[in-house]
Amino acid sequence: MGDVWKSSKEYPGRIKALQPPTPEMVCWTENCLPCVAPHGKKTFICAVFTGIFAVTPLTNVTNFSLDYQLYLNLIFHRKNFSFYTHALTMPTIDMFLLVLATYLKFNGQSGTSWLDFSLVIAGCVNLWYLVWGIGNGVWWMGISAAPIVWGCWSLAHLYANYALDSHPGDADFHWYDPGPWYANPLIWLVVLSFIQSFSHVVEDLPPRVSGTPHWMAKREFFCGRVDDPCELFVRFLRAIFQTIFGAVDEFIASPRLVPLFWGICPTYFVMRKLNLCTSWTSRQRLDDLWRKAQESLEPMDRPSLDCGIDACNAQPYELSFFGRVLEWILDHLLCCICPKPPDQIPDPALDFIGTGGGTFLRKRHRPNMFRLLWQCFSCQQWAFYDKAESWQFDYYSAKINQCHLDETQDKHDV
């Protein structure tokens with residue numbers, strides 16, 4: 001088991017951070033708190049929308065925090081179906097993005113020339129992976145991801161030259177309609193993004209998607225007893241919006257996660273299976289992160305549905321009338337996708353490496369922003385903030401902005 005960096009005094013064992021945040025995480029968290037984790041006793045629409053749209057807003061701006069990105073990759077893709085679907089669709093999305101980049105030719109180049117803007121993009125992306133890996137002590141990350149980057153670039157040119165009817169320079173060329181509809185890169189980008197988003201149907205629902213500060217089993221979300229009849233309708237609306245927003249999130253995440261799926265993950269898998277490179281600092285660091293991720297995924301007593309955290313007083317899983325009908329359908333048709341909710345379910349944190357679901361981690365005193373920005377953009381993501389006493393867990397803001405509690409609720413800074 002990993003060492004606990006900071007644990008909640010009020011909810012010991014339930015909310016804990018296993019690793020301090022990186023300067024990049026601190027920088028964006030402190031600058032974006034009004035949109036992510038605002039203080040106050042009223043619901044902030046911006047925070048609710050940001051939570052539903054992005055689920056983990058930090059993941060889109062912490063592009064050099066390797067440990068955090070790997071951690072999120074592990075907790076969101078626990079099932080083989082979602083993991084391998086992402087592994088196949090993400091590089092394909094990147095390939096179609098490079099197909100669009102092939103339309104931008106250098107001066108004097110023909111419509112089928114391989115010298116175009118896609119070469120610049122592929123080179124910059126591979127350089128990003130190299131800097132990202134070196135800055136986090138995993139020097140081989142960019143090298144292991146190079147084959148998939150340049151493989152996508154080569155396939156993009158083959159697709160653009162042979163699968164599309166028109167090319168840049170032709171009189172009938174239009175970037176949005178370069179060939180038959182079934183070969184249009186824009187259509188494939190949309191389809192693949194939705195396939196990626198749909199693959200999460202086998203996973204538990206994370207905080208902010210479920211409308212609570214905790215992870216929730218799908219059957220509990222759709223079939224569970226609710227006091228307000230409108231609540232079930234709201235849950236289905238959340239599921240529809242999350243499918244749409246999730247497709248956008250997956251599209252944005254594809255270039256960022258490809259080196260994890262096709263670089264670090266397979267390389268580390270081989271290292272573990274063959275017991276290789278055990279003395280490498282990068283191998284030891286990945287081993288430590290793997291242990292922390294597994295610890296965060298240990299099942300816990302399922303919290304009660306009233307957004308409380310007292311698992312000892314959790315209400316038993318009850319079905320609504322509609323829930324009983326839906327459960328019969330699930331039992332006979334979709335039992336593999338929506339299994340019965342267990343008594344215990346993992347509750348990994350979203351905004352830090354640890355447990356606590358949607359609980360926020362914030363500094364007690366505002367840090368020096370200029371120093372954080374310098375460390376952020378200089379990729380010094382190994383400089384963790386190790387003073388646990390200067391941090392606090394904010395479970396109250398998570399409850400307010402995801403459960404719509406009123407001002408009478410007591411504040412719990414833990």
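Biologist: Which residues are buried in helix 4?

Modeller: Helices here are DSSP runs (H or I, at least four residues; strands are E, at least two), numbered from the N terminus. Buried means under 20% relative accessible area, exposed over 50% and partly exposed in between, with a 1.4 Å probe and protein chains only. Helix 4 is mostly covered, with 10 of its 11 residues buried. The residues you asked for are Leu-66, Asp-67, Tyr-68, Gln-69, Leu-70, Tyr-71, Leu-72, Asn-73, Ile-75 and Phe-76.

Biologist: Before we go on, what kind of model is this?

Modeller: Residues are numbered from 1 along each chain as its sequence is written, and side-chain values use heavy atoms, leaving out hydrogens and water. Local features need pLDDT of at least 70 and side-chain atom pairs count only at pLDDT 80 or more, while totals for chains, interfaces and linings use all residues, since the model is predicted.

Biologist: How far apart are the C-alpha atoms of Leu-72 and Thr-56?

Modeller: Leu-72 is part of helix 4 and is buried, with a relative accessible area of 5%. Thr-56 is 16 residues from Leu-72 along the chain, and their C-alpha atoms are separated by 8.8 Å.

Biologist: At what angle do helix 4 and helix 11 pack?

Modeller: Axes are lines fitted to C-alpha atoms, for helices over the stretch in contact, and angles run from 0 to 180 degrees between N-to-C directions. The axes of helix 4 and helix 11 are 10 Å apart, and the helices pack at an angle of about 45°.

Biologist: Which word describes helix 4 relative to helix 11 at that angle?

Modeller: Under 35 degrees counts as roughly parallel, over 145 as roughly antiparallel, 65 to 115 as roughly perpendicular and the rest as oblique. The angle between the two is about 45°. That makes helix 4, relative to helix 11, oblique.

Biologist: Is the crossing of helix 4 and helix 11 left-handed or right-handed?

Modeller: A crossing is left-handed if the near helix is turned anticlockwise from the far one by less than a right angle, and right-handed if clockwise. Where helix 4 passes helix 11, the crossing is right-handed.

Biologist: How many aromatic pairs does a search of the whole structure find?

Modeller: Rings of Phe, Tyr and Trp (its six-membered ring) pair if their centres lie within 6.5 Å; planes under 30 degrees apart count as stacked, over 60 as edge-to-face and the rest as tilted. With that rule, the number of pairs in the whole structure is 18.

Biologist: Why is the pair of Phe-76 and Trp-215 tilted, and how many residues apart are the two?

Modeller: The ring centres of Phe-76 and Trp-215 are 5.5 Å apart and the planes are at 50°, so the pair is tilted. Phe-76 sits in helix 4 (residues 66-76) and Trp-215 in the loop between helix 8 (185-198) and helix 9 (218-223), a separation of 139 residues.

Biologist: How many residues apart in sequence are the parts tied together by Trp-139 and Trp-280?

Modeller: The rings of Trp-139 and Trp-280 have centres 5.6 Å apart and planes at 50°, so this pair is tilted. Trp-139 lies in the loop between helix 6 (117-135) and helix 7 (141-162) and Trp-280 in the loop between helix 10 (229-274) and helix 11 (281-296), so the parts tied together are apart by 141 residues.

Biologist: Is Trp-139 buried, exposed or partly exposed?

Modeller: Trp-280, the other ring of the pair, counts as partly exposed at 32% relative accessibility. With a relative accessible area of 48%, Trp-139 is partly exposed.

Biologist: How far apart are the end C-alpha atoms of helix 6?

Modeller: The expected span of a helix is 1.5 Å times one less than its number of residues. For the 19 residues of helix 6 that should be 27 Å, which agrees with the distance between the end C-alpha atoms, 27 Å.

Biologist: Is helix 6 roughly parallel or roughly antiparallel to helix 7?

Modeller: Helix 6 and helix 7 have axes 9 Å apart and pack at about 165°. That makes helix 6, relative to helix 7, roughly antiparallel.
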